[in-house]
Amino acid sequence: MSIQEMTRNFHSLAKQVVAGKAIGKEEALTLLQTPDAQLLELLSAAYEIRRHHFGNKVKLNMIINAKSGMCPEDCGYCSQSIVSSAPVEKYSLLDREQILNGAKEAARRKAGTYCIVMSGRRPSKREVNEVADAVREITSHTQLKICCCMGLITQEDADTLADAGVHRFNHNLNTSEGHYDRICSTHAYEDRVDTIEHVKTAGMSPCSGIIVGMGETEEDVVDVAFELQDLDVDSIPVNFLNPIDGTPLEGMRVLDPRYCLKVLAMFRFVNPTKEIRVSGGREINLRSLQPLSLYAANSIFVGDYLTTGGQEPVADWKMIEDLGFEIEECAL
């Protein structure tokens, strides 16, 4: 196929997606396997879809690591896991004042969504209630949208958080069902799906995504994109593995910036109306090509991640401005 034919195919497919036609797995895999020489044309086509649904607006999200380390799970990518020897801080749930101060910092960084994240398999009832109390106070004094990420939760937990005013709950699939056992053995892929379903039943906005670069195949990446489509999640964080020393996946550096951009474009084609967020690992994997990611994605984390540093907020603001894009004030 000539460059001209491939270019026409990208834009023809984008127009079909904008018109409401879903693409299939074979087409998605073809997008992921785009030759580097056609990368800009692929991004241009993905941008047609992104612009149709989101214009040039960018959502900003900020994370607070509200409980760190001491996790009994064996997820191979995580520095807070029981099998990790990475030197991370270990502390129990922050007190309400610390969580409230984090909300103030989120507002200072121009983030519309404040993400309260806890390590661990699942939260205790006390932790759920303490977070719920903090959320009530934050939402009574600010316009911030609140997202929580607290591990596996029950339907009762989900209902408590929803009643407190939590807008969104995150629980990533991380990888495909077929690859999952290679990444974690202490819980199952189905446990993650169950938590997402509890979130939806409680009336919170479901957020779930992927970590790319953990030894999965291209087909695995496509499978996750379609599973998230089937689950009808509202927000999709696309993480790119930052292989932290001391974790089972240390030294696994298989990604390049061009492939990362193809992943984001494919996710936009498969989930055209959803928030696609460039998440953990964007700085070390996209490197100088970070700005191009926002032609497919419409959201980023601003500031640091859980145990790794991120780009300075001012640099993110400038990147958005230089693209001619704007920060979206309404986060959901």
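# Cysteines, cores and a covered strand

Leaving aside neighbours within four places in sequence, Cys 78 is in contact with Ser 84 and Thr 247. The model is a predicted one. Cys 78 sits in the loop between β1 and α4.

Cys 78 belongs to a group marked in a record. An unreviewed UniProt entry gives the annotation "binding site" to Cys 71, Cys 75 and Cys 78. Of these residues, Cys 71, Cys 75 and Cys 78 are included in the lining of the largest cavity.

Take Cys 75 next. It lies in the loop between β1 (57-67) and α4 (96-108). Is Cys 75 buried or exposed? Its relative accessibility is 7%, so Cys 75 counts as buried. Which residues is Cys 75 in contact with, leaving aside its neighbours within four places in sequence? They are Ser 81, Ile 183, Cys 184, His 187 and Arg 192.

## The second annotated set

UniProt also places the feature "binding site", again from an unreviewed entry, at Cys 115, Cys 147, Cys 207 and Arg 277. These residues are spread over 163 residues of sequence, yet they cluster in space. The largest C-alpha distance among them is 13.7 Å. From this set, Cys 115, Cys 147, Cys 207 and Arg 277 are taken in by the lining of the largest cavity.

Cys 147 is part of strand β3 (residues 145-149). Not counting residues up to four places away in sequence, Cys 147 touches Thr 113, Tyr 114, Cys 115, Ile 116, Arg 168, Phe 169 and Asn 170.

Cys 207 is found in strand β5 (residues 205-207). Not counting residues up to four places away in sequence, Cys 207 touches Arg 168, Phe 169, Asn 170, His 171, Ser 235, Pro 237 and Arg 277. Arg 277 is itself one of the annotated residues.

Here are accessibility values for some residues in this report.

| Residue | Relative accessibility | Class |
|---|---|---|
| Cys 75 | 7% | buried |
| Cys 147 | 4% | buried |
| Cys 207 | 1% | buried |
| Ser 176 | 4% | buried |
| Arg 122 | 41% | partly exposed |

Buried means under 20% relative accessible area, and exposed means over 50%. Arg 122, at 41%, therefore counts as partly exposed.

## Strand β2

How many of the residues of strand β2 (residues 113-118) are buried? The count is 6 of the 6, so the strand is largely enclosed by the rest of the structure. In a regular strand, side chains alternate between the two faces of the sheet. Both faces of β2 are covered. Thr 113, Cys 115 and Val 117 are buried on one side. Tyr 114, Ile 116 and Met 118 are buried on the other.

β2 has a partner. It pairs with β1 in the parallel sense, over 6 bridges. Lys 67 stands opposite Met 118 in β2.

## The nonpolar cores

In soluble globular proteins, nonpolar side chains tend to be buried together. In this model the largest nonpolar core has 98 residues. Those with the most contacts inside it are Tyr 114, Val 238, Phe 240, Phe 267 and Phe 269. Which helix gives the largest share of this core? It is helix α9 (residues 257-270), with 10 residues.

Tyr 114 has a list of partners of its own. Not counting residues up to four places away in sequence, it touches residues including Met 62, Ile 64, Ile 99, Ala 103, Ile 138, Leu 144 and Cys 147.

## Helix α2

Helix α2 spans residues 25-32, and in it Ala 28, Leu 29, Leu 31 and Leu 32 are buried. Why are they on the same side of α2? They cover an arc of only 155° around the axis, which puts them there.

## Two loop residues

Ser 176 lies in the loop between β4 (168-170) and α7 (189-202). Leaving aside its neighbours within four places in sequence, Ser 176 is in contact with Tyr 189, Asp 220, Asp 223 and Val 224.

Arg 122 lies in the loop between β2 and α5 (125-141). Leaving aside its neighbours within four places in sequence, Arg 122 is in contact with Met 150, Leu 152, Ile 153 and Thr 154. Arg 122 and Lys 90 are 32 residues apart in sequence. In space they are 16 Å apart, C-alpha to C-alpha.

Methods. Residues are numbered from 1 along each chain as its sequence is written. This is a predicted model: local features need pLDDT of at least 70, side-chain atom pairs count only at pLDDT 80 or more; totals for chains, interfaces and linings use all residues. Side-chain values use heavy atoms; hydrogens and water are left out. Buried means under 20% relative accessible area, exposed over 50%, partly exposed in between (1.4 Å probe, protein chains only). Helices (H or I, at least four residues) and strands (E, at least two) are DSSP runs, numbered from the N terminus. The arc is that of the directions from the helix axis to the C-beta atoms. UniProt positions are given in the numbering used here, feature names are shortened, and annotations may be inferred rather than shown by experiment. On a 1 Å grid over the protein atoms alone, a cavity is a set of points where a 1.4 Å probe fits but cannot get out, and a pocket is an open set with protein on both sides within 12 Å along at least five of seven lines; lining residues have an atom within 4 Å of a point. Contact means heavy atoms within 4.5 Å. A nonpolar core is a set of buried Ala, Val, Leu, Ile, Met, Phe, Trp, Tyr and Cys residues joined through side-chain atoms within 4.5 Å. Two strands pair if DSSP finds at least two bridges between them.
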